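Okay, thanks for having me, everyone. Let me put the model up on the screen, and then we'll walk through a few parts of it together.

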Amino acid sequence: MEQITSLVQIKGIRDGLLATFADAPWEEQRLALLAQIDERPAFFQGARLAMDVGVQTLKVNDLVDLRDFLSERNISLWAVISESGTTEQTAQLLGLATRISKPRPEERKQTPEISDDTALFVNKTLRSGTRVEFPGNVVVLGDVNAGAEVIAEGSVIIWGRVRGMIHAGCKGDNSAVICALDLSATQLRIANEVSAVLKPPKDPRPEIASINKEGHLQAELWQTG
Amino acid sequence: MTSQVLTVTSGKGGVGKTTAVANLANALAMDGKRVVCIDGDIGLRNLDVVMGLENRIVYDIVDVIEGRCKLKQAMIRDKHYPELYLIPAAQTRDKNAVSPSDMVRICNDLRADSDFVIIDSPAGIERGFRNSIAPADRVLVVTNPEVSAVRDADRVVGILEAEEKGNPSLIINRLNPALVKNNDMLSAEDVLDLLGIQLIGIVPEDESVIIGSNRGAPVVTDAKSRAGQAFRNIAKRIQGQDVPFMDLDQQSGLWKSIQRITGRK
């Protein structure tokens, strides 16, 4: 028992409880967590739980099962922090937070090197409530629906319609651009510039938004050859 | 035929989930199917009122889960269709009294003796919604042709996709063809374009729906009602029949012929 439970550490944070796992297969980590909970049910009763799963890759079913199991014990899973992009995306799809207010310890900063020519490729339509964040460029093959958000440190390219919110150059990069086949976003942001809807959503044509010489956000029709 | 669990959900409240459940259940019962409805809105129940069964409630779903009665005892038989039942929600409890696995267990118990189990999901994307979609074989998303309702439906579809619940079907409720014509309402095409899921029916705005709900007699039993016809068609499509979509412009036939003559659109 001692061995199993030492796989998981539970500590109190400002937003409830945080479970941190030692390196092990997910099944073992999961059992260790459940063992801890069943050992001290009163302590966990009504708790808000965040998990730091490290590099563990979790699929939708893993998280759904765990969430249902926890909710039966009146524990609400609200955040999953991970270094794995897949896990982060899964958590976001399920409406779970992927960050807690306290910044993660140092190791967060040394995640793989992201250069100007690295991009996250999202091959689907982003529906309302989805949030994609990436410390580089983002390419979406699909629409960004109203209520969805894309936040990138670099540029954002959408091969589809944009109805949601796009923030390019979110760390202050003025040279970032936003391109889309139909740029009818509710709001665009590049670096610190914010612009409300740029044009009526009639007659969609490819556009590119950037910050002009005067320092304002501006969208222009895409000029072909 | 194997039993099917259908969950009707929407994200936004007030778009007609409960009305849709009551009408589809009655329509399926009219076609001779054995149907059980479950009100998933613990704490804010109203499917019983819309089905006109309010005064027959003795036990509810929480009584079943907590072992105070047998499943059969909580099933209220409909006034008109002996093969239509309702399992009411508890009014004095909240959503935490039920868990997703409770719902799965109840639905599995119901499968043996029914053709369709229809779950009326509460609004929102929290516990009650999770409970309602957990046992679903198929999800019907109800929306109104309104920007806010469509956005919430989009969110729900996103969650359903993430939970791998199969492709949901869309019911567009309370469409007013006159408003659409004047560009004052989103058209069915606009809604479909945005959500990108399969359409299973369009229900026109119809006063008799409200009258029927208040009387506890779902409009689907009214042979003259256009909304009733729309729900009957959806019930047929749920059973796998290919029913053409209604022409919602029917009443403005004169206007249409004028348009045809003058070549305007």
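So, look at where α1 of chain B meets α11 of chain B: on the α1 side you have B:N23, B:L24, B:A27 and B:L28, and facing them from α11 are B:F231, B:R232, B:I234 and B:A235. Sort the residues of that contact by class and you get six nonpolar, one polar and one charged. Before I go on, keep in mind that this is a predicted model.

How do you describe a pair like that? For two packed helices, you give the angle between their axes and the distance between the axes. Here, α1(B) covers residues 17-30 and α11(B) covers residues 226-238, and their axes come within 9 Å and cross at roughly 65 degrees.

Now let's move to where the chains touch. On chain B, 17 residues are in contact with 17 residues of chain A. Which helices of chain B each supply at least two residues to that side? They're α5, residues 100-111, and α7, residues 147-162. The one that gives the most is α7(B), with seven residues. By class, chain B's side has six nonpolar, five polar and six charged residues.

Last stop, chain A itself. You'll find five helices and 15 strands there. Of its 225 residues, 33% are buried. And if you take the contacts in chain A with a separation of 6 or more, 34% of them link residues 24 or more positions apart.

Methods: Residues are numbered from 1 along each chain as its sequence is written. Chains are lettered from A and ligands numbered from 1 in the order in which they are written. This is a predicted model: local features need pLDDT of at least 70, side-chain atom pairs count only at pLDDT 80 or more; totals for chains, interfaces and linings use all residues. Axes are lines fitted to C-alpha atoms, for helices over the stretch in contact, and angles run from 0 to 180 degrees between N-to-C directions. Helices (H or I, at least four residues) and strands (E, at least two) are DSSP runs, numbered from the N terminus. Two residues are in contact if their C-beta atoms, placed from the backbone, lie within 7 Å. Ala, Val, Leu, Ile, Met, Phe, Trp, Tyr, Cys and Pro count as nonpolar, Asp, Glu, Lys and Arg as charged, and the others, Gly among them, as polar. A residue is buried if 20 or more other C-beta atoms lie within 10 Å of its own, exposed if 12 or fewer, and partly exposed in between; C-beta atoms are placed from the backbone.
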